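Dear colleague,

Please find below the structure that I am handing over to you. A summary of the findings follows it.

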Amino acid sequence: MSALRLRHDKVTLALHVLREVPGARALLLLHGRGERSPARVPGTHAGWPGSIFALDFTGHGDSTVPSGGGYTAELMMADADAALARLGAATLVGRGLGAYVALLLAGARPRAVRGAILCDGAGLAGGGPKPVTPSIAAPAELRGGAPDPYALVDLARDVRPPDYATSFVRQASQLSGLERPLSVCAVERPDWLAAVVEEPGVECTSLAEALGHYASLP
Amino acid sequence: MESEAIHYPGACAPDRSRSADVGGLRLAVHEWGAADAPPLLLAHGGFDFARTFDVFAPLLAAGGWRVVSWDQRGHGDSEHAALYNWDADARDALAVLDSTAREPCPFVGHSKGGSVLLHLADACPHRVTRLVNIDGLPSRSRHPDVASHERTKLLAEELAGWLDHRRRAAGLTRKPGTLDELARRRGRMNPRLSHDWLRYLVSVGARHDPDGWRWKIDPALRLGGFGPWRPEWTLQRLPGLPVPVLGLLASVSEPMGWDTTEEILRPHLPPEAEIHTLPETGHFIHIERPGAVADLVLRFLA
């Protein structure tokens with residue numbers, strides 16, 4: 001299996017090529033907080049007709065582990081946007097943190113994201129709907145490898161207000177040209193996701209149905 | 001190339017400079033005043049750097065304090081980081097404090113630096129004795145009262161603009177120019193500050209490359225932006241502060257300012273809080289009126 005190297009500012013990201021089918025629209029997998037890309041196409045995704053890529057976020061998997069932390073879901077969205085720049089258009093499947101990032105990117109690049117599928121996974125809730133008592137914790141263990149302990153700390157604290165999340169749904173709905181830009185397969189429903197599923201253009205469904213739906217789009 | 005020495009009345013270079021490490025990231029720390037005087041932590045605002053305090057900090061040092069400031073990550077002489085967020089800035093502030101003193105001390109912060117120190121005071125109340133906030137209490141939202149579909153469009157443009165910037169960020173460099181050009185460019189953000197002062201700032205905050213002067217700040221950093229953060233989250237840290245608070249507010253609106261008024265703040269003030277609005281003064285209160293602000297701060301800390 002090969003990986004493409006993408007530059008995002010000072011970070012080199014690993015974009016793993018799990019399957020190549022020239023011409024057909026790609027599926028881009030986004031992992032959860034503290035996770036890394038799968039080594040091969042997951043059985044649940046095997047029916048996808050096109051290429052399948054999987055991105056390691058900054059500080060995760062084979063991507064650069066930077067010094068001193070400072071992670072936000074928005075910067076992870078820009079990681080995913082670097083993959084989108086390479087792929088052109090893609091359908092996104094995100095787990096946990098990656099599900100939230102998929103929502104953000106679907107709203108921010110509505111023409112390039114051809115459907116986003118939001119699944120359960122690590123870091124789905126983030127830091128909750130509003131800030132809690134602040135704590136400043138330097139990670140105890142800094143050994144230099146992935147996942148970056150700063151990523152584990154910062155991405156458990158990033159605040160995800162429901163009305164902020166739904167503003168991305170509205171952008172996706174208004175600007176993507178898709179009737180159903182978002183599909184939610186997650187069973188867990190943190191506040192931001194509970195608000196998202198109430199919006200027009202969002203379908204709660206199974207992963208298999210969602211993949212089939214987006215595969216059939218022109 | 002050596003930097004050109006430019007003088008400005010009352011401006012003094014730091015008495016000592018050193019560095020502090022945060023998880024492998026190097027921060028430049030600057031101190032004014034006697035090394036054995038009681039410490040005071042001083043934080044600059046966004047797109048500034050510690051040496052914007054070259055006039056103000058020596059006045060506090062003359063009042064008997066060891067004034068400790070630092071260039072925030074990506075700013076001034078500190079290392080450019082891959083990532084920037086609020087928590088990281090507060091973590092950096094704590095690392096600078098840890099490298100300075102273990103006993104609690106006063107915090108003084110301007111603009112974004114004021115908000116970062118408010119966050120630090122809330123997280124570590126045992127490390128602060130008194131808090132001075134210089135026009136660093138945000139209260140306005142970016143897109144007031146526009147229709148929701150308009151807001152969606154504005155946000156979409158802002159997001160696309162930011163992502164396009166991130167796509168270009170690798171290898172970006174600041175635009176070079178003459179010392180006067182850089183001073184004039186900065187004047188757009190600091191319209192009330194004199195050209196002589198801005199020229200001085202170029203001489204200490206920019207580097208002189210063979211093709212011209214360049215600001216040292218990380219080119220990946222960009223004004224504006226978006227995100228889940230909202231001003232009331234900073235204001236809600238105020239009422240519970242366990243230490244005396246001095247708030248200084250600008251009275252003239254300008255591009256980098258926050259437009260916060262006493263009326264907005266009053267419901268959020270803790271019991272021992274003092275607020276002063278400086279007449280005919282913009283956002284860079286301590287630069288426009290260094291003597292008056294230093295007097296207010298020294299009296300409050302006495």
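For 302 residues, a compact globule would have a radius of gyration near 19 Å, and chain B agrees with this because its own value is 19 Å. The radius is taken over C-alpha atoms, and the globule rule is 2.2 Å times the number of residues to the power 0.38. The C-alpha trace of chain B spans about 55 × 50 × 40 Å along its principal axes. Chain B holds ten helices and ten strands; these are DSSP runs (helices H or I, at least four residues; strands E, at least two), numbered from the N terminus.

This is a predicted model, in which local features need pLDDT of at least 70 and side-chain atom pairs count only at pLDDT 80 or more, while totals for chains, interfaces and linings use all residues. Residues are numbered from 1 along each chain as its sequence is written, and chains are lettered from A and ligands numbered from 1 in the order in which they are written.

Chain A contains an open sheet of eight strands in the order 1-2-4-3-5-6-7-8, with mixed pairing (two strands pair if DSSP finds at least two bridges between them). Strand 1 (2-8) and strand 8 (202-204) of chain A each have a single partner strand, so one side of each has no neighbour in the sheet. From one strand to the next, the twist averages 25 degrees. Strand 3 (residues 26-30) and strand 5 (residues 90-95) of chain A pair in the parallel sense over five bridges, and A:Ala26 stands opposite A:Ala90.

Helix 2 (residues 97-108) and helix 4 (residues 162-175) of chain A pack at an angle of about 45 degrees, with their axes 7 Å apart. Axes are lines fitted to C-alpha atoms, for helices over the stretch in contact, and angles run from 0 to 180 degrees between N-to-C directions. Among the residues that meet are A:Leu103 and A:Leu104 in helix 2 of chain A, and A:Phe168 and A:Val169 in helix 4 of chain A (contact requires C-beta atoms, placed from the backbone, within 7 Å). The residues of this contact comprise seven nonpolar, two polar and no charged. Nonpolar covers Ala, Val, Leu, Ile, Met, Phe, Trp, Tyr, Cys and Pro, charged covers Asp, Glu, Lys and Arg, and the others, Gly among them, are polar.

Finally, 39 residues of chain A are in contact with 33 residues of chain B. The side of chain A that touches chain B has 18 nonpolar, eleven polar and ten charged residues.

Yours sincerely

Note on methods:
Contact = placed C-beta atoms within 7 Å.
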